[in-house]
Amino acid sequence: MNTRERTSLLPDIQSHPDARRLAIDAVGIKGLRYPVTIRSGGADQSTVATFSMTVGLEATLKGTHMSRFVELLEDRARSIDQQRFRAMVIDMLERLGAATGTVEMRFPYFVSKQAPVSGVASLIDVDVCWRGSVDAAGVYAFNMQLTAAATSLCPCSKEISAYGAHNQRSHIMIDARLAAPVEIGELLAIAEGSASCEVYGLLKRADEKYVTERAYDNPKFVEDAVRDAALALQSDRRVLAFAVEVENFESIHNHSAVARIASANFATQS
């Protein structure tokens, strides 16, 4: 008797009926780290993602088959773009016999940036999340979330000071519901473009002079940054709904400044 035959004789408790008659909205696995290759902007990048994978469970069923989530990654988590990610979500539902479900994949993504004057290259890491889900109507939805670092310089400090102005590092989070593929670099450009200046991994002295003066010439409150990012997202027809949150880690206070804008349909779309 081979392994498959022996397995077929074992009881399948998950498939037994459940008398409590309560459907489960989401059941699955969370916090599974797995190596993946992300394809974006025409290039492949290897990284390690953290997965959360869940499906809805009918009221009549006792449990879901947890091993099938990992089997899905073994079969599909090689080179993933946004179209292949959608195929992964659909495949998950078919394997689990479910009508609804969600796959969330969080990963660091590295972008090569050239310093503005010297041109020296260095890597900057960006936190990215892809979230794909199918609802009860069978409609697939995809969100890309990105958190990027940038520099902000206070307009009020610049206006009232005889010299100098206080600045801080900012985190700009964009969560966008997409109707068509958007590259990671495109969303990053929106985040960085809303700040006083970009940040870089490696700067020479001429570069440091440039970014200091660039921020001074482009002062922005946290309110300015969140509005500028929101306007850029509003003008992109590929974006169905969005939320933007900007946090400034203040250099003259022991607290952060924060601002958030969500499109009117974000709550219903997400």
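## Charges over rings

In this predicted model, the charged end of Lys 158 is placed over the ring of Tyr 216, at 4.4 Å from the ring centre. A second case involves Arg 86, whose charged end sits over the ring of Tyr 140, 5.2 Å from its centre.

## Aromatic pairs

The structure has four aromatic pairs. In one of them, the centres of Phe 85 and Phe 142 are 5.9 Å apart and the planes stand at 70°, so this pair counts as edge-to-face. Phe 85 belongs to helix α3 (residues 82-96) and Phe 142 to strand β6 (residues 140-153), so the pair ties together parts that lie 57 residues apart in sequence. Phe 85 is buried, with a relative accessible area of 0%, and Phe 142 is buried with 6%.

Phe 142 also pairs edge-to-face with Trp 130, with 5.9 Å from centre to centre and 75° between the planes. Here strand β5 (residues 121-134), which holds Trp 130, is linked to strand β6, which holds Phe 142; the two residues are twelve apart. Trp 130 is buried too. Through ring pairs, Phe 85, Phe 107, Trp 130 and Phe 142 join into a cluster.

## A buried serine in a loop

Let us turn to Ser 196, found in the loop between α5 (184-193) and α6 (205-217). Its relative accessibility is 1%, so Ser 196 counts as buried.

The side chain of Ser 196 has a polar atom 2.8 Å from the backbone oxygen of Asn 218, and it reaches the backbone nitrogen of Lys 220 at 3.4 Å. Leaving aside residues up to four places away in sequence, Ser 196 touches several others, among them Thr 151, Leu 153, Arg 214 and Pro 219.

Terms used
Residues numbered from 1 in each chain as written. Predicted model: local features only at pLDDT ≥ 70, side-chain atom pairs only at ≥ 80, totals over all residues. Heavy atoms only, no water. Helix = DSSP H or I, 4+ residues; strand = E, 2+ residues; numbered from the N terminus. Buried < 20%, exposed > 50% of the residue type's maximum accessible area, 1.4 Å probe, protein only. Polar contact = N/O pair within 3.5 Å; in protein donor to acceptor, adjacent residues only side chain to side chain. Contact = heavy atoms within 4.5 Å. Phe/Tyr/Trp six-rings, centres within 6.5 Å; stacked < 30°, edge-to-face > 60°. Lys NZ or Arg CZ within 6 Å of the ring centre and 35° of its normal.
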